Amino acid sequence: MTPVTDPMLQLLAPDGSYGVEKSFALYGEVIDSLDEDQLKTFYRDMARIRRFDQEAIALQRQGQLGLWVPAIGQEAAQIGSGYAVGKNDHIFPSYREHGVAITHGVELMSILKMMRGVNHGGWNPEETRFHLYAIVLGSQVLHAVGYAMGVKLDGKVGTGDLENDLAVISYFGDGATAEGDVSESLLFAAVNEAPIVFFIQNNQWAISSNIASQTKVPLYRRGEGFGVPGLRVDGNDVLACYAATKMHMDEAREGKGPYLLEALTYRIGAHTTSDDPTKYRDDSEVEYWKARDPIARFEVFLRRQGVEDSFFDEVAVAGDELARDIREQTFALPKPPLESIFDNVYSDEHPEIDIQRAWLRAYEDQMGSHE
Amino acid sequence: MSIAKFPLPDVGEGLTEAEIVSWRVSPGDKVEVNQTICEIETAKSVVELPCPFEGEVSELLAAEGDTVEVGTPIIAVTVKGNAPLLTEMDAPAAEPGDTGAEYQLPNLVGYGDSGEVKSRRKRAVNTAPISTAIPVSMVTAAATADSVMAKPPIRKLAKELGVDLASVTGTGMHGEITREDVVGSASQASVFKNLTTPQQPSEREERLPVKGVRKAIATAMVKSAFTAPHVSIFVDVDATRTMEYVKRLKASVDFAGIKVTPLLIMAKAMIWAVRRNPMVNSTWTDKEIIVHNFVNLGIAAATPRGLIVPNIKDADSMNMLELAQAIEQLAATAREGKTTPEDMAEGTITITNIGVFGVDTGTPILNPGEVSIVALGSIRKKPWVVDDEIVVRNITTIGATFDHRVVDGDVASRFVQDVASVIEEPALLLD
Amino acid sequence: MSNYQEMAIAKALNAGMRKAMQKDEKVLVFGEDVARLGGVFRVTEGLLAEFGENRIFNSPIAESGIVGTAIGLAMRGYRSVAEIQFDGFVFPAFNQITTQLARLTYRSEGYQQMPVVIRIPVGGGIGAVEHHSESPEAYFAHTPGLRIVSPSSPNDAYWMIQQAIESPDPVIFLEPKRRYWQKGPVNLDTAPLPLHSARLLKEGTDLTLIAHGPMVATALQAAELGAEEGVSIEVIDLRSLAPVDYPTLLASVQKTSRVVIAQEAPNNVSLSSEIAARIAEQAYYYLEAPVVRVVVLTLHIHPQNSKRSIFLMQTAFWRPLIGFWLTRETR
């Protein structure tokens with residue numbers, strides 16, 4: 001268990017009470033500017049994404065998905081940061097950021113399709129500004145840095161023109177920080193003063209490896225050696241995640257260079273549906289973190305702000321509807337035509353692809369298509 | 001109302017079976033979507049399975065403690081109307097993807113190996129072999145004049161049998177030349193000719209009267225053999241260049257339609273060698289030796305009535321084309337049996353071509369009135385030494401018989417050597 | 001009348017990149033030591049002065065980072081020409097090249113094009129130490145989604161680098177380093193061929209000799225020696241290693257019936273192995289002899305071998321091999 005002795009930005013305590021430490025005053029100001037509707041949106045989406053997660057796990061257990069990657073317990077880190085991303089900013093996820101996806105209009109079914117083997121993602125990264133899921137750990141962080149370097153070359157950093165300037169946020173987990181590509185990313189970002197925020201969701205487990213085996217020094221300090229300052233935030237506090245991300249994305253956009261955020265959270269579920277966490281961690285640890293649930297504490301907070309029962313009921317009902325809808329859509333997913341395996345291997349015409357496509361056609365004609 | 005069956009899924013990316021640890025429901029229980037119905041243990045972990053249907057449990061299809069293969073139905077549930085999943089797994093011939101006809105099999109893992117079996121394939125609709133390779137049509141259709149299609153083993157066979165692939169029509173599936181095509185085309189050196197042997201005759205003997213051509217041959221042979229002292233000498237020579245030359249002549253426009261064989265080159269060689277060694281082209285009478293300054297070249301021809309030797313008058317004044325035509329004419333006339341006594345008179349020197357019968361060499365008997373006769377034997381591939389290395393060349397033996405009253409050993413040898421050098425290097429004829 | 005200029009391959013590459021950068025301001029050039037130094041082989045000399053540090057810049061010594069950021073830049077609309085300093089150092093970038101660069105277009109279903117050129121000096125013969133004489137093309141040719149080319153002459157270098165930069169797909173651009181200073185005429189007006197076409201360099205009738213990159217000059221020498229012995233060798237420069245221009249190769253094999261494929265890379269599971277298999281499969285009915293790959297060695301490059309005859313296939317070693325597969329017989 002990670003002792004929380006390092007300074008950590010927390011605005012919302014596990015019991016739902018709100019408080020801003022003096023040294024974090026600026027972050028508090030970010031929250032002050034939020035209205036009730038925005039806060040309700042945070043809650044609604046956290047609940048939505050959890051309900052989606054639960055349904056997806058069931059679908060996998062029912063043989064409808066090859067696997068599922070649950071984000072249960074990490075909703076605050078994802079929804080909070082997701083909503084703090086600016087309207088032109090680009091997002092580079094790893095493969096568990098379903099919560100961030102819904103803050104940017106990515107269809108949940110797209111994510112399911114990937115886990116069902118219909119495609120590798122298939123949503124439009126340019127339109128949604130939410131790039132495709134990346135399965136090779138840490139590989140996407142270099143892409144994010146390259147993208148940010150391109151933004152800088154475009155001159156869209158620090159001009160003060162918020163309509164056009166943009167920054168990049170790169171998500172990865174505690175396990176990925178061990179990969180060489182992540183270190184190289186920090187290096188490139190720093191020497192190029194790239195407009196990028198590195199957002200580490202430290203859910204403390206990389207399959208069965210505890211965070212203690214991935215780092216000797218808290219992850220928010222990972223960037224120090226490279227020249228990238230960092231901050232730890234309570235990853236189960238949606239307001240802290242929002243405030244930190246907003247402030248540092250704004251700064252990156254303004255040209256202050258790269259920043260690193262470590263959201264300390266916990267992976268309540270398994271790594272994926274193929275995993276069995278009971279084999280390597282204690283139930284007592286899980287219970288400890290369940291008591292720090294991001295959605296529960298936010299509900300307490302909202303109720304204290306005067307939000308009525310009816311809102312929470314409506315969210316629950318919407319959740320069930322969402323689940324039903326996802327279930328129906330999943331069963332209705334068509335098998336893509338076999339020939340689609342040849343599409344987009346190259347952008348340009350390619351003789352080998354033509355030959356193979358022709359071969360498959362000839363083969364299918366002889367055998368009679370079984371599609 | 002219908003029965004929906006839930007097949008055991010692969011819950012861990014490649015699992016093939018699981019054990020039912022415990023059931024949480026019994027027949028008759030009402031169940032909701034996602035309600036936990038059982039606990040299973042896989043190679044990786046213990047997992048709770050949520051129910052895919054809403055309805056009433058009709059039957060548990062596996063018992064606690066059973067190990068079940070992925071894909072085997074484990075529970076049957078009565079469902080209302082058209083649930084997204086319905087009917088039995090062994091419903092006949094329904095394709096996945098048909099609306100509501102069967103439990104959906106997704107692309108990704110899901111059902112491991114056993115899922116494959118359930119994907120039905122129709123029989124091949126035509127029996128042509130499926131090319132597992134990239135279509136052969138990739139090879140450009142524009143075949144050049146030189147290109148010949150034959151599998152490597154067939155090419156080897158063609159070489160062994162002396163068959164020129166360019167002259168063979170291919171009857172194979174892709175138009176290539178087949179083994180049968182090659183064998184059918186094999187000629188002179190083929191081992192597949194002349195395989196039929198006639199039956200033993202029923203009489204014990206047959207008596208043929210000695211008369212006509214046979215009597216004449218016998219008389220001439222006896223006269224020749226028992227008056228002239230016959231000496232035969234032999235030399236082996238590399239005839240490869242002659243063969244190449246013959247091939248070139250065959251291919252040339254001037255010689256189109258005319259039979260060109262090594263015999264032509266041999267004839268030319270002899271005519272040239274005669275100029276250098278005139279004594280071999282003479283006639284012995286007891287009083288004098290008549291040296292002829294012209295060459296009436298006799299060519300021994302086998303006819304149905306027997307051996308005859310018509311000759312080409314003044315063969316030394318003919319060019320290659322005329323000589324080739326003359327040889328062809330002579331052979332045709334002999335085959336038709338129309339050779340006249342004039343044709344056979346006044347020969348000065350003779351070639352006998354025993355090579356066409358597959359014979360390497362022999363000791364021919366002089367044609368009466370002549371002092372030399374040369375035997376052209378078969379031309380065969382044999383090992384030969386070229387630049388101190390053993391290579392395969394077309395080798396032939398030149399055999400010649402001489403009348404020792406006129407032609408001594410040295411003259412005979414020089415003459416035969418001259419003939420041999422032309423056979424080895426036809427360019428000497430350019431002299 | 002075409003405008004010709006005599007140039008070394010290194011200069012032709014430089015001129016080609018210059019032209020590409022002038023034509024499209026989104027073209028960037030980066031890598032280790034490419035800016036002020038102009039590259040350890042001076043291939044990027046002078047570009048910094050002309051285009052400035054926003055378009056040509058040094059990268060940290062982090063090959064994975066070089067390719068990974070090139071990918072991000074491509075997503076942002078840039079066309080990167082990333083240099084890997086030596087063939088033996090491409091391997092840290094192997095992950096980004098094969099799992100990311102080669103796949104992003106496929107993964108994104110066409111939404112993200114990857115117009116990235118990775119320039120790598122390859123091959124031996126410069127008297128260098130370990131890792132400076134490799135031929136890694138097989139690893140990349142085995143990966144769908146990548147294009148691979150290798151020019152053998154200054155004219156090809158000048159045009160192929162421009163064509164590679166214009167391609168919307170990732171191109172691994174292999175430069176034969178021991179030929180960098182080989183000079184030749186460059187036609188400044190007209191490209192000789194499309195990027196992925198092979199080229200018939202010398203016509204012949206007895207044998208087809210296929211080579212690429214640094215081996216092409218050696219193959220031409222072998223053909224000359226063959227001619228002295230009465231063997232007419234047809235020499236083809238592959239130019240494109242992925243895709244390979246099979247129609248050109250097959251037409252030649254149809255004509256000659258005998259094939260030898262030459263390369264510097266270790267023989268086992270090499271690009272030559274694939275070409276040999278394909279030719280045997282598709283030209284079976286035209287072959288007089290087995291398809292032969294030279295050289296037959298599968299070894300690490302030893303410093304001795306790097307500059308010496310056997311490994312680099314100098315023509316003396318080839319003669320018995322070619323002689324063995326030819327006969328003097330007419331076909």
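Q: How many salt bridges count between chain C and chain A?
A: There are 3 salt bridges between chain C and chain A. This is a predicted model, with pLDDT of at least 70 needed for local features and 80 or more for side-chain atom pairs, while totals for chains, interfaces and linings use all residues. As for bookkeeping, residues count from 1 along each chain as written, chains are lettered from A and ligands numbered from 1 in the order written, and side-chain values use heavy atoms, leaving out hydrogens and water.

Q: Why is the pair C:Lys26 and A:Asp154 called a salt bridge?
A: The term asks for a side-chain nitrogen of Lys or Arg within 4 Å of a carboxyl oxygen of Asp or Glu. Here the closest N and O atoms are 3.5 Å apart, so the pair qualifies.

Q: What makes up the contact between chain C and chain A?
A: Contact means heavy atoms within 4.5 Å, and it takes in 42 residues from chain C and 43 residues from chain A. On the chain C side, the residues split into 17 nonpolar, 17 polar and 8 charged. Nonpolar here is Ala, Val, Leu, Ile, Met, Phe, Trp, Tyr, Cys and Pro, charged is Asp, Glu, Lys and Arg, and the others, Gly among them, are polar.

Q: How much area is buried between chain C and chain A, and which chain C residues lose the most?
A: Buried area is the accessible area (1.4 Å probe) that two parts lose on being put together, summed over both. For this pair it comes to about 3,500 Å², with 58% from carbon and sulfur atoms. C:Arg76, C:Tyr106 and C:Arg107 lose the most on the chain C side, together 21% of what that side buries.

Q: Why do S2 and S7 of chain B count as paired?
A: Strands (E, at least two residues) are DSSP runs, numbered from the N terminus. Two of them pair if DSSP finds at least two bridges between them. S2(B) (residues 17-23) and S7(B) are joined by 3 bridges, so they pair, and they run antiparallel. One bridge partner set is B:Ala18 with B:Val68.

Terms used. Helix = DSSP H or I, 4+ residues; strand = E, 2+ residues; numbered from the N terminus.
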